[in-house]
Amino acid sequence: MSTLEKIENAVVEGYKKIEDGVVGSYKKMEETVVDNYKKVEDGFVEKFLTKEGETVEEAKERIKEGMDK
């Protein structure tokens, strides 16, 4: 393998590591945002949209069914 090929491989490996880091960070941030949104949504549904004795999931299903009609 020539020196030029070794340099090329090193550069490509470096870029792949950077890419993996950026993509991994984005995915972690996305998961965090989605998880926090779900917590806020569940809290809102529990506080304002559930009927007595109804779970959050039951309320969501009832609301979804109402929107489908």
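**View 1. Asp42 and Lys60 in the predicted model.** Asp42 is partly exposed, its relative accessible area being 27%. In this predicted model, the side chain of Asp42 meets that of Lys60 in a salt bridge, with an N to O distance of 2.4 Å. The pair links distant parts of the chain, with Asp42 placed in helix H1 and Lys60 in helix H2, 18 residues apart. Lys60 likewise falls in the partly exposed class, at a relative accessible area of 23%.

View 2. With a relative accessibility of 28%, Glu41 counts as partly exposed. Taken together, Glu41, Asp42 and Lys60 are linked in a network of salt bridges. In general, side chains of opposite charge can pair when their charged atoms come close.

View 3. Glu54 is found in the loop between H1 and H2, while Arg62 lies in helix H2. The side chains of these residues, Arg62 and Glu54, meet in a salt bridge with an N to O distance of 3.0 Å, and a polar contact between the side chains of Glu54 and Arg62 is also found at 3.0 Å. Is Glu54 buried or exposed? Glu54 counts as buried, because its relative accessibility of 19% is under the 20% limit for that class. Arg62, by contrast, is partly exposed, with a relative accessible area of 30%. The view may also include Leu49, which is 13 residues from Arg62 in sequence and 9.9 Å from Arg62 in space, taken from C-alpha to C-alpha.

**View 4. A patch of negative charge on the surface.** Which residues gather in a patch of negative charge on the surface? The patch is made up of Glu57, Glu61, Glu65 and Asp68. Glu57 has its place in helix H2, which covers residues 56–68. The relative accessible area of Glu57 is 53%, and Glu57 is therefore exposed, since this value is over the 50% limit for that class.

**View 5. A nonpolar surface patch that includes Val11.** Ile7, Val11, Tyr15, Ile18 and Val22 form a nonpolar patch on the surface, and together these residues have about 520 Å² of accessible area. Val11, one of the residues of this patch, lies in helix H1. With a relative accessible area of 42%, Val11 is partly exposed.

View 6. Thr3 is found in helix H1 and is exposed, with a relative accessible area of 59%. How far apart in space are Thr3 and Gly21, C-alpha to C-alpha? The separation of Thr3 and Gly21 in space is 27 Å from C-alpha to C-alpha, for residues that are 18 residues apart in sequence. Gly14 lies in helix H1 and is partly exposed, with a relative accessible area of 29%.

Terms used:
Residues numbered from 1 in each chain as written. Predicted model: local features only at pLDDT ≥ 70, side-chain atom pairs only at ≥ 80, totals over all residues. Heavy atoms only, no water. Patch = residues over 30% accessible without salt bridge, like charges linked within 9 Å, V, L, I, M, F, W, Y side chains within 5 Å. Areas by Shrake-Rupley, 256 points an atom, 1.4 Å probe, with all protein chains shown as cover. Salt bridge = Lys/Arg side-chain N within 4 Å of Asp/Glu carboxyl O. Lys, Arg positive; Asp, Glu negative; His and termini not counted. Charge placed at Lys NZ, Arg CZ, Asp CG, Glu CD. Helix = DSSP H or I, 4+ residues; strand = E, 2+ residues; numbered from the N terminus. Buried < 20%, exposed > 50% of the residue type's maximum accessible area, 1.4 Å probe, protein only. Polar contact = N/O pair within 3.5 Å; in protein donor to acceptor, adjacent residues only side chain to side chain.
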